[in-house]
Amino acid sequence: MEKKSLHVMIIGAGTGGLCLAHGLKRAGISVTVYERDRTRKDGLQGYRVGISPAGSYALKECLSPELYDLFVATCARPPRYFNMLTEQMSELLSMDRFSGGGDTDDSVDSEKSVSRMTLRQVLLTGLEDVVVFDKKFSHYEHYSDGRVIVSFEDGTQAIADVLVGADGAGSKLRKQRLPHAQMEETGILSIGGKLPITPESRALISDKVFNGVSLVMAPKGYGAIIHVMEFKWDRVGVKSSVGGSDAELISQWPGMLYDNTQDYIMWGVWGARKNLPADPTTLSAEQQLDVARKMVKDWHPNMRRLIDLTDPSTVFSVNIRTSVPLEPWETSNVTLLGDAVHTMTPGRGVGANTALRDAALLCKKLIEVRDQLKPELKPLIQALHEYEVEMLTYSKDAVLDSRKQMDARSVSHKPVLGRIQLAMARAGMRLVNAVPLFKRKMLEQQMRLRKVDQVKASLNTSNAAQRKIAA
């Protein structure tokens with residue numbers, strides 16, 4: 001089999017970019033990642049990311065078996081329950097076995113909780129010869145032979161056959177490649193923070209909240225999330241309760257040097273900018289905590305105490321924005337993935353998982369280009385076009401669904417109609433909670449949103465096409 005030589009350049013060492021880099025390196029395709037952060041410890045915003053079965057499947061496709069096992073070993077305890085609560089912490093709905101595997105962390109088919117920094121350190125492992133730090137993208141141009149030359153702000157340049165923008169929601173590469181692409185304000189602002197698990201903080205939340213992911217539906221359209229992250233290691237090292245294989249993986253993992261994790265409770269509150277006491281994005285961390293306290297002043301005292309116990313150094317605020325879905329553009333050897341092309345709100349919790357799906361799909365398409373008996377059977381531009389059309393189709397649904405959950409224009413943020421809608425939504429959830437059949441149907445619907453079957457079908461189709469050509 002004749003193999004077509006390719007060199008791929010990725011701008012951005014985020015979740016999607018690093019996953020793609022692993023897949024390409026594993027396939028023997030030359031790849032370099034350029035990252036603006038100065039070191040592998042930089043770039044942390046937020047604390048938890050949920051990896052769905054679809055995201056796990058994409059990771060398994062791209063990572064080596066050993067690294068995938070490390071990813072599973074370094075995840076926090078999986079959430080058993082998905083809870084919906086009132087602002088007084090009373091239960092509206094609680095679904096058991098939400099993770100798909102109960103108290104287990106099955107390698108693919110369970111929901112997973114992972115620290116964002118931990119995930120980054122895992123994905124940087126094995127790419128030490130591939131990732132170049134402290135490189136800020138400036139612009140790109142095309143050579144006469146079609147290759148791409150990228151210029152960086154430090155005056156250096158690099159050349160590649162394929163350029164992939166994985167540089168996040170503020171992507172400079174997107175601004176050059178797709179100047180017509182738009183970002184929109186949702187009008188929603190959020191504040192988040194974390195506090196260590198201590199006897200006092202543990203006593204503030206119920207067992208279901210401690211062992212699950214919990215959302216709060218409150219008046220004024222305010223919402224909140226509470227989740228607990230318990231890891232298999234801490235500042236001292238691997239915990240004594242961890243099984244032998246996981247303990248060995250973690251103890252030998254280079255990322256331990258960069259990610260000293262402590263078990264914690266994380267919370268986040270959000271609301272429409274027009275309803276907030278102040279814009280937290282313009283304030284100091286201590287002032288942001290004060291805004292959060294004012295938002296929950298009429299809530300259960302335990303929620304207020306969680307905020308009081310929060311270290312201001314862990315507090316951050318986010319202006320939640322979303323991209324406007326795009327139609328397919330004229331394909332070139334410059335493409336995009338993840339937030340660089342489809343930024344979405346955290347309303348559905350699928351942003352990272354969609355980026356991982358992009359990475360796995362693009363990797364498969366590039367392998368198809370490389371592994372051709374006759375390269376003209378799968379030209380590079382055709383393969384990239386196929387990737388872009390499919391990516392834009394599934395990401396459009398994810399962007400729009402996520403926006404529905406976080407949009408200041410929705411009825412929930414209006415003073416009178418919002419109260420009526422909240423009362424109706426709570427009544428519906430209590431009904432579902434009381435009827436096992438309804439609850440089972442809702443859980444099945446939630447699992448379908450994770451779209452693991454669609455990801456498998458998409459990637460297996462690419463594999464089948466590749467095998468057919470090779471035969």
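**Labels and their grounds**

Student: What makes β1 and β2 a pair?

Tutor: Strands pair if DSSP finds at least two bridges between them. Strand β1 (residues 7-11) and strand β2 (residues 30-34) have five bridges in the parallel sense, so they count as paired under that rule. One of the bridges joins I10 to V33 in β2. Strands here are DSSP runs (E, at least two residues), as helices are (H or I, at least four), numbered from the N terminus.

Student: What do these values rest on?

Tutor: This is a predicted model, in which local features need pLDDT of at least 70 and side-chain atom pairs count only at pLDDT 80 or more, while totals for chains, interfaces and linings use all residues. Residues are numbered from 1 along each chain as its sequence is written, and side-chain values use heavy atoms, without hydrogens and water.

Student: Why are β7 and β17 said to stand at the edges of the sheet?

Tutor: The open sheet has five strands in the order β7-β2-β1-β11-β17, with parallel pairing. β7 (131-132) and β17 (334-336) each have a single partner strand, so one side of each lacks a neighbour in the sheet.

Student: How do you know that α1 and α2 are packed, and which residues make the contact?

Tutor: The axes of helix α1 (residues 15-26) and helix α2 (residues 53-62) come within 8 Å and cross at roughly 35°. Axes are lines fitted to C-alpha atoms, for helices over the stretch in contact, with angles from 0 to 180 degrees between N-to-C directions. The contact (heavy atoms within 4.5 Å) involves C19, H22, G23 and R26 of α1 and A58, L59, K60, E61 and C62 of α2.

Student: Why is K220 called exposed?

Tutor: Exposed means over 50% relative accessible area, buried under 20%, and partly exposed in between (1.4 Å probe, protein chains only). K220 has 52% relative accessibility, so it counts as exposed. The residue lies in the loop between β13 (212-217) and β14 (223-229).

Student: What makes the phi of K220 worth a remark?

Tutor: Most residues other than glycine have a negative phi. K220 is not a glycine, yet its phi is positive, about 70°. M89, also not a glycine, has a positive phi of about 70°, and M89 is found in the loop between β4 (81-86) and β5 (91-95).
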